[in-house]
Amino acid sequence: MASAGECNAHGQVPDPRHKRRDRLERLACVCLVAAATIALQLLGTFQPLEHWLTASRAQLLDRAPTGQVAIVEIDARSLKEISTWPWSRRYHAQALERLYAAGAELVAFDVDFSSPSEAAGDRAFATALKGGPATILPIFQQRASDDPSQQSVVRSRPAAVFSSAWVGGVNIFPGPDGVVRDYPAATMIGGRIQPSLATLVAENDDFGDRAFEPDWAIDVGRIPRLSFVDVVKGRVPARAIAGKRIIVGATAIELGDRYTIPRFGTVPGVVIQALAAESLLQHRAITRTGALPTLFGVVLVALILGGIAHRRFARTFPLAAIAVLAVLGAAPIAAESRFPLALNSAAMLFCAIACIALRVIIEVRRRVRLSALLDGETGLPNRRALEQDLTGMGPQRVVAAAAIDRFEAIRDTVGSESLAEIVREAAARITTIVDRAVYRIAPDTLAWTESADRAERSSKAVADLFREPVQTGGGAVDIALSIGLNGSIGGATLPQPLIERAMAATTGARALGESFAWYEGSDPAARRQLSMMGELRRGLAGGDVVVLYQPQLDLRHGTISHAEALVRWRHPVDGLIGPDQFIPLAESTGVVRELTDFVLSRVAEDSVRLTRGGAPIRFAVNVSAADIGSPAFVDHVVEAIAASGADPRNLTLEITESAIINSPETAVGTLTALRDRGLQLSVDDYGTGQSTLSYVKRLPVHELKIDKCFVTSICDSESDLIMVRSTINLAHELGLRVVAEGVEDERTLQLLRSLGCDLAQGYVIGKPMSLDELCGLADATESGLRAVA
Ligand code: C2E
Ligand code: CA
Ligand code: CA
């Protein structure tokens with residue numbers, strides 16, 4: 001029932017098919033979004049977003065520098081006041097001396113000292129180096145040429161005269177987009193791992209030789225800066241220098257050495273060195289999460305937002321979406337504010353937004369679909385829903401349409417608002433009886449489906465329900481229903497005419513003053529048959545179906561050695577019904593399988609009883625084509641026999657020729673399996689179909705039952721006699737036992753005996769009888785034989 005599931009909110013029965021579709025859609029959403037996100041992540045699509053998030057977080061988490069690191073900048077003013085660049089190193093010597101004199105903790109130069117220059121200046125600087133505590137000079141490597149084909153690198157380290165200084169790596173590596181995003185704690189220069197300048201300045205080598213992300217949250221604008229010229233000229237108070245770790249470097253634009261970094265844009269290299277040193281000093285050198293946590297996060301987000309069902313989508317899904325987005329937004333900020341850790345969240349954010357979008361689209365589509373299947377006024381499933389649901393139902397369905405009598409008059413009295421309430425209330429009442437979806441197929445008509453055997457009873461019950469008036473806001477209203485029924489056999493009828501005819505039948509019910517009426521045009525026999533199958537099921541359970549046995553005479557020994565089980569149905573109203581009246585219908589509706597199970601169990605039990613009593617009569621059970629076609633049949637047979645403890649060799653299954661011819665492959669497979677389990681097999685009604693003995697020869701059977709239409713008249717018909725005689729002879733040659741059925745007189749019996757037939761069955765021996773009568777007959781035959789002997 002496609003719409004029933006959607007009608008849950010209206011108190012209807014949920015629908016498994018719909019649940020399955022919803023689950024599939026959610027699964028597709030999870031897989032699709034997760035896979036797409038991972039693919040895009042691998043392609044680097046989220047990098048720009050990740051960068052933006054990183055910069056935004058830094059802005060938000062803004063931190064003050066420690067103040068322990070200060071920059072002495074070779075700025076434009078210094079260049080102007082001191083001399084044109086390059087300077088004599090005399091000035092550097094002066095600066096160094098001033099800085100140490102003022103109590104600097106250490107001094108690092110991000111200025112190239114690799115080549116000797118004016119000798120006096122170099123000497124002065126070398127002397128200054130030796131005079132102070134620890135001074136760090138830069139070491140770096142660069143490509144020998146700008147020409148991309150030139151791969152060689154040049155290592156630049158301080159000239160030999162400055163060998164008393166420490167050396168720190170100052171290489172900075174911008175990413176492919178030209179932005180510097182990390183800083184190497186050490187670099188491989190000239191085959192040696194060289195700690196970088198910031199590592200030495202901060203005296204923190206936690207990162208070994210790995211790179212880290214400087215904490216862009218630290219505000220570089222607040223790192224103290226002193227102009228080189230002011231230092232040299234002694235214009236800087238000592239307290240601005242005392243205890244500080246000084247990095248000397250160029251900031252004047254004409255000296256170049258500028259890089260782009262997150263949050264702050266283009267800055268001089270020395271600022272990056274200072275920021276890296278600050279990060280290390282504050283233990284804020286940041287590590288970024290790798291691919292695995294991102295992957296895990298993406299899958300988790302997809303599962304939470306894409307995979308979880310929401311019964312009340314509009315209410316609960318937004319909450320889930322907001323919660324996930326809030327966590328994805330807040331977690332990286334919280335983590336980064338507490339720990340030097342950057343969580344990659346761009347892919348997860350994308351995944352979350354994609355899941356939300358997809359789920360909303362799915363939900364909107366679902367609602368559109370749903371609204372097409374719902375009655376706008378009452379929210380009940382509508383006629384289209386019923387048509388759809390009928391298509392998915394098996395045969396044997398009856399549509400019940402219930403028209404509300406005096407509908408127009410009620411509407412005029414109560415108004416359309418209360419009317420909707422009445423219709424809803426009526427539907428709710430009906431649900432208590434029929435326990436399935438109730439549809440509003442026309443303004444004044446409700447409908448439901450019912451199994452054929454329950455249709456009349458439930459219609460009566462529904463009509464009875466409306467003895468009580470329906471309560472509405474505007475008071476109690478008496479309503480009455482006229483119910484029209486229409487069903488189909490074999491599911492051949494299309495939903496539309498099925499519904500229309502049921503609606504048409506409501507008029508009949510109203511005209512007759514009955515609570516229900518079947519569709520006029522529908523064939524009464526068909527109607528009868530429809531309800532009959534339900535009754536048969538109940539008859540099987542209630543003991544109304546009985547098994548009789550028709551004796552078979554062993555023509556050689558004159559004993560009752562076999563008997564065929566034949567069903568009879570004691571119908572509570574129609575009396576005893578023969579199998580010809582219900583077996584074909586049971587076969588076309590599948591009820592025959594239950595019938596066969598029933599007969600088989602009964603016969604197996606009776607067989608056990610007879611064997612214990614010392615009268616081993618072998619029983620034959622009729623099996624229909626529908627049984628042979630069912631894959632579970634062999635198991636059913638084996639189970640029934642095992643449950644009773646009967647010996648399978650005492651049981652014969654009779655299969656008609658036509659059942660075998662219909663589906664030869666299945667039949668042969670089934671027959672072989674049954675034979676292998678010890679059962680005897682017989683070809684029933686032999687001669688009526690197309691099969692020939694050469695065909696039967698290939699079947700795994702033990703017995704041939706010549707149809708009564710040949711047997712009954714062998715005394716009068718030459719051709720029948722020829723047929724029966726040749727069949728007996730040929731069957732014997734094939735090692736088959738031969739039974740002749742329909743033996744109605746003594747002459748025929750004698751003739752069959754003379755033809756060498758093995759067993760005879762017919763009214764002359766005995767009609768189908770109870771087990772006790774069968775035993776009595778068998779005993780009488782035995783004693784008769786003994787008396788003759
Ligand atoms: P069938 O298997 O050919 O059964 C033989 C039918 O011939 C029986 O009719 C039996 O009463 C009838 N009969 C027996 N002796 C004579 C005779 O001397 N003269 C005449 N004219 N008829 C005789 P019944 O019991 O009405 O069964 C009719 C058919 O219903 C059976 O034909 C069988 O195909 C089917 N049937 C009966 N019981 C079962 C059952 O338990 N399961 C299935 N699947 N089919 C059954
Ligand atoms: Ca039979
Ligand atoms: Ca037969």
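This is a predicted model: local features need pLDDT of at least 70, side-chain atom pairs count only at pLDDT 80 or more; totals for chains, interfaces and linings use all residues.

Colleague: How are helices H10 and H11 oriented relative to each other, parallel or antiparallel?

Modeller: The general idea is that an angle over 145 degrees between the N-to-C directions counts as roughly antiparallel. Here helix H10, residues 291-307, packs against helix H11, residues 313-338, at about 165°, with the axes 10 Å apart, and the two are therefore roughly antiparallel. Their crossing is left-handed.

Colleague: Which residues make the contact between H10 and H11?

Modeller: H10 supplies Val 301, Ile 304 and Leu 305, while H11 supplies Phe 317, Ala 320, Ala 321, Val 324 and Leu 328. Sorted by class, this contact of H10 with H11 holds eight nonpolar residues, no polar ones and no charged ones.

Colleague: At what angle do H21 and H23 cross, and what does that say about their orientation?

Modeller: Angles under 35 degrees count as roughly parallel. The axes of H21 (residues 633-644) and H23 (residues 664-676) cross at roughly 20° and come within 10 Å, so these helices are roughly parallel to each other. The crossing of H21 and H23 is right-handed, and the contact is formed by Phe 633, Val 634 and Val 637 from H21 together with Thr 670, Ala 673 and Leu 674 from H23. That contact of H21 with H23 comprises five nonpolar residues, one polar residue and no charged residues.

Colleague: Turning to cores, which residues have the most contacts inside the largest nonpolar core?

Modeller: They are Phe 619 and Leu 653, in a core of 81 residues, to which helix H19 (residues 591-612) gives the most, with 10 residues. Another core, of 38 residues, lies apart from it and includes Ala 185, Leu 197, Ala 217 and Ala 276. As for Leu 653, the residues that it touches beyond four places in sequence include Phe 633, Val 637 and Leu 674, each of which also takes part in the contact between H21 and H23.

Colleague: Is Leu 651 buried or exposed?

Modeller: The cut-off for buried is under 20% relative accessible area, and Leu 651, with 2%, is therefore buried. Leu 651 lies in strand S27, residues 651-656, and its contacts beyond four places in sequence are Val 603, Ala 604, Ser 607, Phe 619, Ile 641, Leu 679 and Gln 680. Leu 651 and His 562, which are 89 residues apart in sequence, lie 9.5 Å apart in space, C-alpha to C-alpha.

Methods
Residues are numbered from 1 along each chain as its sequence is written. Chains are lettered from A and ligands numbered from 1 in the order in which they are written. Side-chain values use heavy atoms; hydrogens and water are left out. Axes are lines fitted to C-alpha atoms, for helices over the stretch in contact, and angles run from 0 to 180 degrees between N-to-C directions. Helices (H or I, at least four residues) and strands (E, at least two) are DSSP runs, numbered from the N terminus. Angles under 35 degrees count as roughly parallel, over 145 as roughly antiparallel, 65 to 115 as roughly perpendicular and the rest as oblique. A crossing is left-handed if the near helix is turned anticlockwise from the far one by less than a right angle, and right-handed if clockwise. Contact means heavy atoms within 4.5 Å. Ala, Val, Leu, Ile, Met, Phe, Trp, Tyr, Cys and Pro count as nonpolar, Asp, Glu, Lys and Arg as charged, and the others, Gly among them, as polar. A nonpolar core is a set of buried Ala, Val, Leu, Ile, Met, Phe, Trp, Tyr and Cys residues joined through side-chain atoms within 4.5 Å. Buried means under 20% relative accessible area, exposed over 50%, partly exposed in between (1.4 Å probe, protein chains only).
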